[in-house]
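This report describes one protein chain, from its overall make-up down to single residues. The sequence and the model come before the text that discusses them.

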Amino acid sequence: MPIVDLVLPKLGESIMEATILKWHKKVGDTIQLDETLLDIATDKVDSEIPSTAEGVITEILFEVNSVVPIGTVIAKIDSNKAAASPKITKPTAAPTPKPEPIVEVKEEVPFTPSPAPVSITNSGNDQKFYSPLVISIAQSEGIGMQELQEIVGTGNQGRVSKKDILAYIADKKAGKITQPVIHQSAPTITNIEQTIASKPAQIYNEPLPDFMQTAANQKLAQPEDVIISGNVEIVEMDRMRKLIAKHMVDSVHTSPHVTSFVEVDVTNMVVWRDKVKTLFEKREGTKLTFTPMFIEGIAAALEQFPIINSSLDGDKIIYKKDINIGMATALPTGNLIVPVIKGANQLSIVGLSKAVNQLANAARNNQLKPSDTQNGTFTVTNVGTFGSIMGTPIISQPQVAVLALGAIKKRPVVVETPAGDAILVRHMMYLSMSYDHRIVDGAQGTQFLAAVAKNFEAWDINRQWFQYL
């Protein structure tokens, strides 16, 4: 029988995996071409995945909440509609899904960004992830971190769950567990104190050996020293926040960040927008905000400095010919998502306004499609929306730069006029750009930022936007 493999499609340049949220069909169901098969979630957007074939579903290889690599076969369809009874695959026969990589990496292991999750072993010497609830229970019962590491977990990859620690405490109180065996592979603070006590008095005037210094430093950083007390509430991060957190940490470990700042006089932009915004909305059917005006100036500068519109692959620089600008958008949940304006340098102010408003509304209403967040080459975040005058944003990999727009403030500024210098009230703002110092030097980063500022300040207050349609 003709069996068709359904694979998890590529969802974006930097997306390597997705979480299965819901299956709309089950084994034995008939599905049509392009009919929704499942819902998935990535660190960028939740979306529906349609079927690429029609027929009867014979196998579903991953369960809900499984983290699946892009390109993996997730289901199989018998495209022969007259097929006999379908084969039902037991969940245990499915390939092992990739676990969500929320773990701590030992300090001595150098960080290497990778889409593959970090494995967790059950060795007492390895640091493992513990939820705030488990840590809170352990502290209230007087269980130290070393003892906690000896508890055998039944959760994902041996993770200690609430059920595991409560069972351990019950067995300990019932006398089934006496003194736990603590495995130590490095000198502890107790060992250090005993060593010092056995030495002559002059040891106190000598510096500690390196291994003792290391042990002492590790002691200060141990989770058991963190005391949760007082009136607190512990809330588990939602799935999207966990993915954002991982994406940010990966970016910092991947790119050496440098941030440059510049002050800009945007009085002309403010005056022009105030003058035309009412007619603009009436004529074009969309609101005129500062964001599309800013994006127009940024796109023009990216044409001048192609290194800022690139990415790095090993020791190769990939120059992107398309200028696709992502705009960080705040969601009602407090999380961020970055829809992308494709071909921003090819759009008029009207086209940019419509694209910005449509994507922002879709993001806030959870209606973005996977294609809306793909293939960004540069990112803009408007920290001024919330009152911040500047920021030090983190790069969205694999891009090499991100620009933060500060709040617009009126300030007295010395301005050169034909009659001489004058102090005038102007609309001022700060631009700050973080960039990957592996391939963007300070001179290039600053020159690009200066070009953006020049484009903002050169805005024509007599501009007729409908001439650009």
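## Terms and basis

A residue is called buried under 20% relative accessible area, exposed over 50% and partly exposed in between, with a 1.4 Å probe and protein chains only. This is a predicted model, in which local features need pLDDT of at least 70 and side-chain atom pairs count only at pLDDT 80 or more, while totals for chains, interfaces and linings use all residues. Residues are numbered from 1 along each chain as its sequence is written, and side-chain values use heavy atoms, with hydrogens and water left out.

## The chain as a whole

The chain has ten helices and 19 strands, counted as DSSP runs (H or I of at least four residues for helices, E of at least two for strands) and numbered from the N terminus. Of its 469 residues, 40% are buried. When contacts (heavy atoms within 4.5 Å) between residues at least 6 apart in sequence are considered, 65% of them join residues at least 24 apart. The accessible surface, about 25400 Å² by the Shrake-Rupley method with a 1.4 Å probe, belongs for 54% to carbon and sulfur atoms.

## Aromatic residues

There are five aromatic pairs in the structure, a pair being rings of Phe, Tyr or Trp (its six-membered ring) with centres within 6.5 Å, and with planes under 30 degrees apart counted as stacked, over 60 as edge-to-face and the rest as tilted. Phe294 and Phe456 are a tilted pair, because their planes stand at 35°, with ring centres 5.0 Å apart. Since Phe294 belongs to helix H8 (residues 290-304) and Phe456 to helix H10 (residues 442-457), this pair ties together parts 162 residues apart in sequence.

Both Phe294 and Phe456 are buried, and together with Phe290 they form one aromatic cluster. Arg273 lies over the face of Phe290, at 4.8 Å from the ring centre; for such a placement, NZ of Lys or CZ of Arg must be within 6 Å of the ring centre and within 35 degrees of the ring normal.

## Backbone features in loops

Most residues other than glycine have a negative phi, and most peptide bonds are trans. Asn366 has a positive phi, near 55°, and lies in the loop between helix H9 (349-364) and E16; at 54% relative accessibility, Asn366 counts as exposed. Asn375, with phi near 65°, is also placed in the loop between H9 and E16, but is partly exposed at 38%.

The peptide bond from Gln397 to Pro398 is cis, with omega near 5°, and Pro398 is found in the loop between strand E16 (378-381) and strand E17 (401-405).
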